[in-house]
Amino acid sequence: ENKEEMPILVEKYVLPQLEKALQMSPDSQNAEDIKRRLDEIKRQYGLDPNFLANGRPINPRRWDLSIGQKISYDNNITQATDLPTIKTTQKESFIFDTDLDFKYNFVAKKKYLITPGLRFIRTKYSDQENSEVYSNDSISITPTLSFKNEHKLFGDLATTLLDTDYNYTARDREANHTLVNYGTTWSATLGERFKLSPYTETTAKIGYKSYTSYIATLNSVTTSPSLTNVIIFPEHGHILMMMWQGDFTKVEDDTQSADTHLFRFDYIVPEFYSAAWSLQMSFALTLTDPKTGKDTRGLEKTYNPGIKITRNVSSNFQVSVSHDYTKKTSLDETTYAYTKNVTVLELRYSF
């Protein structure tokens with residue numbers, strides 16, 4: 001009669017009997033039925049450690065460690081800072097990105113997920129003769145901390161999200177083959193993920209980023225609201241993801257301030273050709289308002305279609321190939337307008 005006592009009674013009296021029966025005859029015909037019933041009872045009374053209180057499953061393995069190697073060919077290397085106002089140079093190069101990513105999930109009271117993490121990225125360009133290219137060589141170190149509160153909203157699964165990270169980047173900005181401080185970034189994002197129907201999931205976020213450059217006049221703050229909607233087509237399992245994000249950046253040197261609006265669409269085929277293959281097609285449109293430079297640059301537009309094919313070689317090893325085309329338009333065609341093609345081969349192993 002007391003619902004709060006039921007889990008205690010089940011854990012104390014029911015589960016030990018089923019576990020005892022399983023130990024007595026682990027290879028019998030009834031063993032699978034006993035295991036299935038154990039799992040059902042644990043989920044029913046909130047005793048399965050791999051299911052949260054609102055019913056959302058979590059990975060039994062609490063830690064995640066992966067290493068990736070990305071090899072890209074870029075036919076138009078773009079000199080860029082963390083600012084949305086970018087200048088270009090017509091250079092081409094192969095790019096080698098090596099990254100190491102580690103995360104660990106702590107679960108509290110079956111509703112809170114606390115996930116510290118650390119990511120390291122080393123970027124090196126194959127052209128080590130042209131300073132406009134190899135000055136982009138860099139390392140990036142990013143500790144992260146993610147907090148999730150799993151609950152229910154509108155009668156279905158929902159998650160409150162709080163993500164924060166600190167990034168340190170060193171770069172060969174002096175073009176002498178030495179990596180020195182380039183900038184640091186602190187960012188925080190608050191959001192809510194919820195479902196309005198069984199086949200849709202919506203995420204609303206607001207982000208804040210503080211960027212400290214090695215040039216004080218380039219220090220900036222950015223406010224970033226975003227809205228993402230994911231639609232699952234149940235008849236074939238395909239996924240459509242639609243996203244809008246605004247980045248409103250205020251720079252100490254006000255001539256560098258800008259507002260951008262990103263509209264992105266991704267169509268994902270999780271099982272393409274076979275269960276081991278997946279396909280992702282994307283298109284993004286970015287509108288950039290350069291604020292004080294709008295008279296000479298106008299409202300700049302960046303078009304970015306892309307395609308990515310992934311092969312799951314094993315449960316731990318993935319190989320993917322992708323291609324992205326970018327075209328940016330600006331009234332100041334000489335400085336800011338450009339086109340580029342980037343082809344990427346990526347290998348990733350998860351431990």
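These are my notebook entries on a predicted model.

**Ground rules**

I number residues from 1 along each chain as its sequence is written. In this predicted model, local features need pLDDT of at least 70 and side-chain atom pairs count only at pLDDT 80 or more, while totals for chains, interfaces and linings use all residues; side-chain values use heavy atoms, with hydrogens and water left out.

**Entry 1: salt bridges**

I looked up the salt bridges first. The structure holds 15 of them. The term stands for a side-chain nitrogen of Lys or Arg within 4 Å of a carboxyl oxygen of Asp or Glu.

I picked out Asp99 and Arg348. Their closest N and O atoms are 2.8 Å apart. Asp99 sits in strand β4 (residues 93-104) and Arg348 in strand β17 (residues 338-350), so this pair ties together parts that are 249 residues apart in sequence. I take helices (H or I, at least four residues) and strands (E, at least two) as DSSP runs, numbered from the N terminus.

Are the two partners buried or exposed? Asp99 is buried at 7% relative accessibility. Arg348 is buried too, at 17%. My cut-offs are these: buried is under 20% relative accessible area, exposed is over 50%, and partly exposed is in between (1.4 Å probe, protein chains only).

I then followed the pair further. Asp99 and Arg348 belong to a network of salt bridges that also links Arg119 and Glu346.

**Entry 2: two further pairs**

Next came Lys124 and Asp137. This salt bridge has its closest N and O atoms 3.8 Å apart. Lys124 is in strand β6 (residues 112-125), and Asp137 is in the loop between α3 (131-134) and β7 (138-153). The two are 13 residues apart, and the pair links distant parts of the chain. Lys124 is partly exposed, with a relative accessible area of 35%. Asp137 is buried, at 3%.

I also checked Arg297 and Glu300. Their side chains meet in a salt bridge at 2.8 Å, N to O. Arg297 counts as buried at 5% relative accessibility. Glu300 is buried as well, at 0%.

**Entry 3: the nonpolar core**

Which residues make up the largest nonpolar core? I found five: Leu18, Leu22, Ala31, Ile34 and Ile41. Such a core is a set of buried Ala, Val, Leu, Ile, Met, Phe, Trp, Tyr and Cys residues joined through side-chain atoms within 4.5 Å. Helices α1 (6-24) and α2 (31-44) are the elements that give two or more residues to it. The largest share, three residues, comes from α2.

**Entry 4: a nonpolar surface patch**

I turned to the surface. Trp63, Ile67, Leu100, Phe102, Leu118, Phe120, Ile141, Tyr349 and Phe351 form a nonpolar patch there. Together they have about 760 Å² of accessible area, from the Shrake-Rupley method with a 1.4 Å probe, where for residues only the protein chains shown count as cover. Patch residues have over 30% relative accessible area and no salt bridge; like charges are joined within 9 Å, nonpolar side chains (Val, Leu, Ile, Met, Phe, Trp, Tyr) within 5 Å.

Strands β1 (63-74), β4 and β6 are the elements that give two or more residues to the patch. I looked at one member, Phe102, which is found in β4. Phe102 is partly exposed at 35%.

**Entry 5: Phe263**

Last, I looked up Phe263, in strand β13 (residues 258-269). Phe263 is partly exposed, at 31% relative accessibility. What does Phe263 contact beyond its neighbours within four places in sequence? I listed Met243, Trp244, Phe283, Ala284, Leu285 and Leu287, with contact meaning heavy atoms within 4.5 Å.
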